Amino acid sequence: MKPFLLRVLLLAFSILGISLLHYFTPLHLHYLHDIFQRFYYLPVILSSLWFGFRGGLACALAVSVVYAPHILFQWGEGFALGMEKYLEIVMYNVVGGITGLLAQREQSRSRELQRTAEGLEESYRNLRENSERLIAIEEQLRRSERLSTLGEMAAVLAHEIRNPLGSIRGTAEILRDDYRPGDSKYEFIEIQIKETERLNRVVEDFLRLARPQAVVPYPCSLRDELEMILILAAKNANDCKVHLSMHPQLKSLDIIGDGEKLRQAFLNIVINAIQATPVGGSVTISASLSDSTCVIRFKDTGPGIPPEIRERIFEPFFTTKRDGTGLGLAITKKIIEAHGGTLEAESEVGTGTTIVVRLPAS
Ligand SMILES: Nc1ncnc2c1ncn2[C@@H]1O[C@H](COP(=O)(O)OP(=O)(O)O)[C@@H](O)[C@H]1O
Ligand SMILES: [Mg+2]
């Protein structure tokens with residue numbers, strides 16, 4: 001509103017100024033009147049530039065109204081002279097109208113250009129979003145391709161490694177029988193057996209991750225599966241002197257899913273939590289239903305996961321443990337996602353970690 005008022009005032013003052021010049025300049029100074037007459041074009045053109053067709057015309061009319069008495073009453077006589085002056089008045093109006101029209105067209109064109117530019121910017125943003133999404137999908141595709149080649153390799157590897165591993169273990173056990181516990185050879189053979197077990201575990205985990213996981217869904221109770229986890233992991237927790245519990249006692253929480261695979265997934269999470277928790281700490285499992293989603297939380301009082309690796313813990317082969325395979329959470333993620341669920345880690349360094357699993361309820 002302010003610039004509008006300022007402009008109108010400016011126009012009014014300039015018209016007034018020019019008119020005063022006309023009214024107070026003696027009539028015999030012809031050439032001055034001729035010059036002043038042309039000054040009127042300035043406010044007319046300015047007004048049409050600022051306010052378009054109607055603005056130009058209004059200003060020209062205003063000029064006509066204040067200028068006309070000067071011609072009528074001061075010049076008065078001489079038809080030819082009067083004619084010229086009246087023609088000038090007509091010209092003010094023509095110039096005001098035409099300039100206003102042109103300015104208006106220019107303005108609407110520049111508005112249109114601006115709209116086009118905004119549209120372009122919008123589509124550029126869309127394009128960038130889409131291409132980012134595309135890159136993400138491509139990355140996913142590459143990963144799953146890698147995994148499917150891994151799958152084939154895994155099948156071969158499993159065959160090539162497990163059988164000889166079985167023989168090594170079997171013969172080591174036979175050899176061990178020749179020695180008594182405490183004998184250094186007995187200990188060496190024990191190590192051998194433990195290491196074959198570890199290798200076997202790696203191969204098995206690897207297979208589990210790489211093989212296409214066919215989820216066989218059936219109605220099952222999450223509570224039953226989680227209670228089973230408590231039993232399965234009890235020995236582990238005892239060995240590590242970690243308190244493992246379920247809290248609070250759950251209602252049944254029914255889902256349609258592959259209970260066996262889910263148990264595997266939960267077990268991986270719980271074992272990690274127990275391993276991360278120091279002696280005397282606790283691992284607590286809780287589950288609840290919200291908006292037809294089952295939310296299962298595995299909370300531990302371990303050291304937490306530093307933010308810089310929080311995203312990486314679900315990657316295959318990512319491990320911070322000396323004898324870890326880095327496959328546990330990758331398998332878990334695959335299983336949860338095959339159930340249409342999500343998996344995430346909430347963690348605060350020094351306080352603990354909560355792994356949150358969300359599964360659609362039946
Ligand atoms: N509850 C947890 N607390 C702290 N770190 C964890 C926890 N769970 C997983 N991690 C981190 O994630 C890594 C990957 O876990 P996982 O895929 O199960 O492989 P692995 O147990 O063989 O190392 C672990 O090495 C560990 O650094
Ligand atoms: Mg693990």
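Predicted model: local features only at pLDDT ≥ 70, side-chain atom pairs only at ≥ 80, totals over all residues.
F39 is partly exposed, with a relative accessible area of 34%.

F36 is buried, at a relative accessible area of 9%.

By the ring-pair rule there are eight aromatic pairs. In the F36 and F39 pair the ring centres are 6.1 Å apart and the planes meet at 45 degrees, so the pair counts as tilted.

Now to Y40. Is Y40 buried or exposed? Y40 is buried, and Y92 is buried as well. The rings of Y40 and Y92 have centres 5.5 Å apart and planes at 70 degrees; that is over 60, so this pair is edge-to-face. The pair links distant parts of the chain, 52 residues apart: Y40 is in the loop between α2 and α3, and Y92 is in helix α4, residues 79-176. Y40 and Y92 also belong to one aromatic cluster, together with Y41 and Y67.

Next, the whole chain. It has nine helices and seven strands. The radius of gyration is 44 Å, well over the 21 Å that the globule rule gives for 362 residues, so the chain is more spread out than a compact globule. The C-alpha trace spans about 145 × 45 × 40 Å along its principal axes.

Of the 362 residues, 33% are buried. The accessible surface is about 22300 Å², with 61% of it belonging to carbon and sulfur atoms. Last, the charges: 40 positive and 43 negative, with mean positions 2 Å apart.

Conventions. Residues numbered from 1 in each chain as written. Chains lettered and ligands numbered in written order. Heavy atoms only, no water. Phe/Tyr/Trp six-rings, centres within 6.5 Å; stacked < 30°, edge-to-face > 60°. Buried < 20%, exposed > 50% of the residue type's maximum accessible area, 1.4 Å probe, protein only. Helix = DSSP H or I, 4+ residues; strand = E, 2+ residues; numbered from the N terminus. Rg over C-alpha atoms; globule rule 2.2 N^0.38 Å. Areas by Shrake-Rupley, 256 points an atom, 1.4 Å probe, with all protein chains shown as cover. Lys, Arg positive; Asp, Glu negative; His and termini not counted. Charge placed at Lys NZ, Arg CZ, Asp CG, Glu CD.
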